[in-house]
Every structure is written in structure tokens, then in C-alpha cells.
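Try each task before you read its solution.

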Amino acid sequence: MSFRRITLHSARLASAMLQELFASVTRQTKAAVAEALEETRGRVDLSEFRVRLAGRSPVRRNLFGVYVQGPAVASAYQDAKAHSLR
């Protein structure tokens with residue numbers, strides 16, 4: 001088994017990319033919030049981040065959708081709906 005050494009620089013880059021990802025999710029979800037979560041999910045485009053994080057691997061792309069995009073949009077949707085009721 002081989003382990004890649006994680007440097008402070010690479011950790012900062014990863015952190016910055018994740019901050020961009022979640023800011024994009026929040027911004028797009030607020031702009032696209034619809035009556036139904038599925039409609040909103042269809043309007044949020046995270047393809048740039050899918051390519052950056054998952055590359056060309058079909059398995060990683062699927063994992064991105066299941067474990068990143070789906071839950072992130074659902075959470076941002078719930079936040080946007082809660083704030084619109086205030």
C-alpha cells in the first residue's frame with residue numbers, strides 16, 4: 001500500500017477548492033430554489049467540481065454525485081427554504 005504525503009500546501013489547496021464548491025452549491029441553490037428539491041437539484045451545475053475532484057473515473061463521478069452533490073444540494077435547499085420563510 002502506498003501513501004501520498006499530504007503537504008500543508010496541498011491541504012490548503014484542497015480546503016480552498018472545497019470552500020469554492022460549497023459556496024457554489026449555496027449560491028446556485030439559492031438562485032434556483034423551486035417548490036421541489038428535485039427541480040432545484042436539476043438546476044445546480046457542479047460539473048466543474050466533479051471534473052476537478054473525480055476526474056474521468058466513472059466510479060469517482062458516481063461517488064461525487066451520491067456523497068457530495070446530492071447531500072450538499074439537499075442541505076443548501078433546506079437552508080434556503082428555511083430562510084425564505086423568515
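**Exercise 1. Find which residues make up the largest nonpolar core.**

Solution. This is a predicted model. Its largest nonpolar core has nine residues: Leu21, Val25, Val44, Leu46, Phe49, Phe64, Ala72, Val73 and Ala76. Next, sort them by helix: H1 and H4 each supply at least two residues of this core. H4 gives the most, with four residues. For background, nonpolar side chains tend to be buried together in soluble globular proteins.

Now pick out Val44 and look around it. Leaving aside residues up to four places away in sequence, Val44 touches Gln28, Thr29, Gln69 and Val73.

**Exercise 2. Check the span of helix H1 and list its buried residues.**

Solution. Start with the length: H1 covers residues 8-32, which is 25 residues. At 1.5 Å a residue the helix should span 36 Å, and because its end C-alpha atoms are 36 Å apart, the two values agree. Then turn to burial: Met17, Leu21, Ser24, Val25, Gln28, Thr29 and Ala32 are buried in H1. Finally, find their partners: the buried residues of H1 pack against helix H2 (37-43), helix H3 (47-54) and helix H4 (58-84).

**Exercise 3. Decide whether Val66 is buried, partly exposed or exposed.**

Solution. First locate Val66, which is found in helix H4. Its relative accessibility is 45%. Buried means under 20% and exposed means over 50%, so Val66 counts as partly exposed.

Definitions and conventions
Residues are numbered from 1 along each chain as its sequence is written. This is a predicted model: local features need pLDDT of at least 70, side-chain atom pairs count only at pLDDT 80 or more; totals for chains, interfaces and linings use all residues. Side-chain values use heavy atoms; hydrogens and water are left out. The expected span of a helix is 1.5 Å times one less than its number of residues. Buried means under 20% relative accessible area, exposed over 50%, partly exposed in between (1.4 Å probe, protein chains only). Contact means heavy atoms within 4.5 Å. A nonpolar core is a set of buried Ala, Val, Leu, Ile, Met, Phe, Trp, Tyr and Cys residues joined through side-chain atoms within 4.5 Å.
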